[in-house]
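Student: Hi! I'm new to this one and would like a friendly walk through it. Could you show it to me, please?

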Amino acid sequence: MGVIEIKDLVKKYDDNIAVDNINLSIEEGEIYGILGPNGAGKSTTISIVCSLLRPSSGEVKILGEDIKRNSLKIKKFLGLVPQSIAVYSDFTAYENVKFFGELYGLRGNKLKESIEKSLEFTGLLEVKNKKAKEFSGGMLRRLNIACAIIHNPKILIMDEPTVGIDPQSRNHIMQSVKELNKQGVTIVYTTHYMEEAEALCSKIAIIDKGKIIVEGSKEELKDMVSDKRTLNIGLDDIYKMNIEALRNIEGVLDINIDENNLIITSSKDVNNLDKIIKVVSEQNVKITDLGFKEITLETVFLSLTGKN
């Protein structure tokens, strides 16, 4: 059984179905990515898991406990980094983290140690006495995280944690996610950014119109949308190359030219790289570049949802 089990989850608003019969099992130690376009149902699902919204029907269990019956007990093990900034602008960074620590029942030396640790982890210890309203967008996002991890949660839910921030802060947050996961925290991560999911997530679900379209590892998702692979060969003088000699190789489906590059599309089931290189090397040309064009999660996402 996973640390989060979602079964037949539905959320309706009058005639609008925001979450449509979702089933998910998230295992301990995963960084589980939930991807989807705006309005897909990501944030609604997260809000239900965190007991911020009641489902219309279905069941959610966290660490084996039903959220409908034991939400207060479960919240002690959960950390939430919401999509919107959820800190007090007139409080200092220290005061914000202290406030959330007290909400989770931390007191005395344990509270002080946890505040220092959370601020140091998010790179905010040196500015702990600055008010949140003086912070940049990236610093506010990091403060959001510090408040969410003050009680050392077993599960951290991050809803679009890098929206609208600078590349340096985004990189800091992504490194923080990896480090928390190394420490044993299970992370649920929703994002619009395919490169983030590619870099972080061990398993991914793509949601559209309230439904899960597909779920699996990055490799499994990529295999679903293509039975072909594309090889790029850079040449010093492409016009010396006898391209027809390549068309006879087993598995070669198509050949295109882009400036001094050969773009060769082959069946993924046929291993013909050695034959292609042999034919090219026998010609009066020099190979300047060689590599497969990788299918990205962006390709998968566009293929399955038709949306950027």
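Tutor: Let's start with a term: helices (H or I, at least four residues) and strands (E, at least two) are DSSP runs, numbered from the N terminus. This is a predicted model, where local features need pLDDT of at least 70, side-chain atom pairs count only at pLDDT 80 or more, and totals for chains, interfaces and linings use all residues. Residues are numbered from 1 along each chain as its sequence is written, and side-chain values use heavy atoms, with hydrogens and water left out.

Student: Okay, where is Asp14?

Tutor: Asp14 is in the loop between strand E1 (4–13) and strand E2 (16–26). Its phi is positive, about 55 degrees, although Asp14 is not a glycine.

Student: And is Asp14 buried or exposed?

Tutor: Asp14 counts as exposed, at 76% relative accessibility. Buried means under 20% relative accessible area, exposed over 50%, and partly exposed in between (1.4 Å probe, protein chains only).

Student: What about Glu160, what is its phi?

Tutor: Glu160 has a positive phi too, near 50 degrees, and is a residue other than glycine. Glu160 sits in the loop between strand E7 (155–159) and helix H6 (167–182). With 2% relative accessibility, Glu160 counts as buried.

Student: Let's go inside. How many residues are in the largest nonpolar core?

Tutor: The largest nonpolar core has 28 residues. By nonpolar core I mean a set of buried Ala, Val, Leu, Ile, Met, Phe, Trp, Tyr and Cys residues joined through side-chain atoms within 4.5 Å. Leu156, Met158, Val177, Ile187, Ile204 and Ile206 have the most contacts inside this core.

Student: Which elements give two or more residues to this core?

Tutor: They are strand E3 (31–35), helix H5 (137–149), E7, H6, strand E8 (186–191), helix H7 (194–200), strand E9 (203–208) and helix H11 (297–305). H6 gives the largest share of this core, four residues. Apart from this core lies another one, of 25 residues, including Val3, Ile22, Ile46 and Leu78.

Student: Back to Ile187. Which residues does Ile187 touch?

Tutor: Not counting residues up to four places away in sequence, Ile187 touches Glu30, Ile31, Tyr32, Leu156, Met158, Val177, Leu180 and Asn181. Contact here means heavy atoms within 4.5 Å.

Student: New topic: how many aromatic pairs does the structure hold?

Tutor: The structure holds four aromatic pairs. Rings of Phe, Tyr and Trp (its six-membered ring) pair if their centres lie within 6.5 Å; planes under 30 degrees apart count as stacked, over 60 as edge-to-face and the rest as tilted. Tyr88 and Phe91 are a tilted pair because their ring planes are at 40 degrees, with the centres 5.2 Å apart. Phe91 also pairs with Phe99, and that pair is edge-to-face: 6.5 Å centre to centre, with 75 degrees between the planes.

Student: Which residues form one aromatic cluster?

Tutor: Tyr88, Phe91, Phe99 and Phe100 form one aromatic cluster. Tyr88 is partly exposed at 42% relative accessibility, Phe91 is partly exposed at 31%, and Phe99 is partly exposed at 27%.

Student: What sits over the ring of Tyr193?

Tutor: The charged end of Arg170 does, 3.9 Å from the ring centre. The rule is that NZ of Lys or CZ of Arg is within 6 Å of the ring centre and within 35 degrees of the ring normal.

Student: How many disulfides does a search of the whole structure find?

Tutor: Such a search finds zero disulfides. The cut-off is a pair of cysteine sulfur atoms within 2.5 Å. Cys50 is in no disulfide, and the nearest cysteine sulfur, that of Cys147, is 15 Å away. Cys50 is buried at 8% relative accessibility, and Cys147 is buried with a relative accessible area of 5%.

Student: Last one: why is helix H1 largely enclosed by the rest of the structure?

Tutor: Helix H1 (residues 42–49) is largely enclosed because seven of its eight residues are buried. The buried residues of H1 are Lys42, Thr44, Thr45, Ile46, Ser47, Ile48 and Val49. Just after H1, Ser51 takes a positive phi of about 65 degrees.
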